[in-house]
Amino acid sequence: MAGSQGNRVLRIMLFLSLAANLVVAGVVVAFLWNGPPPPPGRPDGGDPALPYTRALDEDQRDEVRQALRDAFVNDRKEARSVRRDVFADYRQALDVLRAEPYDPAALEALMTAQAERSAGFRKRGQEVLSAYVAEMSPEERGAYADRLEETLARFQERRARHFEGHRRNDGPPQD
């Protein structure tokens with residue numbers, strides 16, 4: 001029984017992990033579509049969610065956002081269908097999780113389909129950004145690369161501070 005309970009917890013955790021990944025993909029698409037919401041207390045409107053987009057200047061972000069909008073407008077019918085499918089998948093996942101007997105293969109198949117759909121949205125965003133960068137002059141690409149390098153350095157610094165803070169809060173290692 002304990003093994004069965006552990007498997008159920010693991011399945012739920014995997015489902016929640018996939019859901020979180022889909023939320024992140026949705027945020028990326030929403031950001032590229034609408035731009036970042038201004039965070040509270042930040043007059044500059046905050047930074048985009050990804051290093052590649054953070055490294056773009058404001059005009060470039062606007063242009064990439066518009067290109068992504070155009071890509072999705074051309075496939076508006078497909079986008080509506082995908083949104084419907086995403087929510088239908090989650091409703092189906094609820095049924096699968098509550099079913100007795102539980103069918104792990106059904107949840108795996110559902111999560112695989114969701115991951116593939118999410119990957120499709122990410123791929124579309126990558127294609128738009130790649131095409132935009134391909135149109136840059138060598139000087140613009142060099143400046144973009146410099147900004148990307150600075151952005152990555154800031155990410156690394158924040159990550160190091162984050163993990164350092166966790167190490168300090170955790171206390172000495174326990175044997």
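Visitor: What share of the 175 residues in the chain is buried?
Guide: Buried residues make up 27% of them, where buried means under 20% relative accessible area, exposed over 50% and partly exposed in between (1.4 Å probe, protein chains only). This is a predicted model, in which local features need pLDDT of at least 70 and side-chain atom pairs count only at pLDDT 80 or more, while totals for chains, interfaces and linings use all residues. Residues are numbered from 1 along each chain as its sequence is written, and side-chain values use heavy atoms, without hydrogens and water.

Visitor: Where is confidence lowest, and where is it highest?
Guide: Helix α1 (residues 2–34) is lowest, at a mean pLDDT of 62, and helix α5 (residues 104–134) is highest, at 86. pLDDT is the predictor's confidence in each residue, from 0 to 100; helices are DSSP runs (H or I, at least four residues), numbered from the N terminus.

Visitor: Changing topic, how many salt bridges does the structure hold?
Guide: It holds three, each defined as a side-chain nitrogen of Lys or Arg within 4 Å of a carboxyl oxygen of Asp or Glu.

Visitor: Which residue does R61 meet in a salt bridge?
Guide: R61 pairs with E58 at 2.7 Å, N to O. Both lie in helix α3 (residues 58–74), three residues apart. R61 is buried, at 13% relative accessible area, and E58 is partly exposed, at 43%.

Visitor: And what about E127 and K123?
Guide: Their side chains meet in a salt bridge at 2.5 Å, N to O. Because E127 and K123 are four residues apart in helix α5, about one helical turn separates them.

Methods
Helix = DSSP H or I, 4+ residues; strand = E, 2+ residues; numbered from the N terminus.
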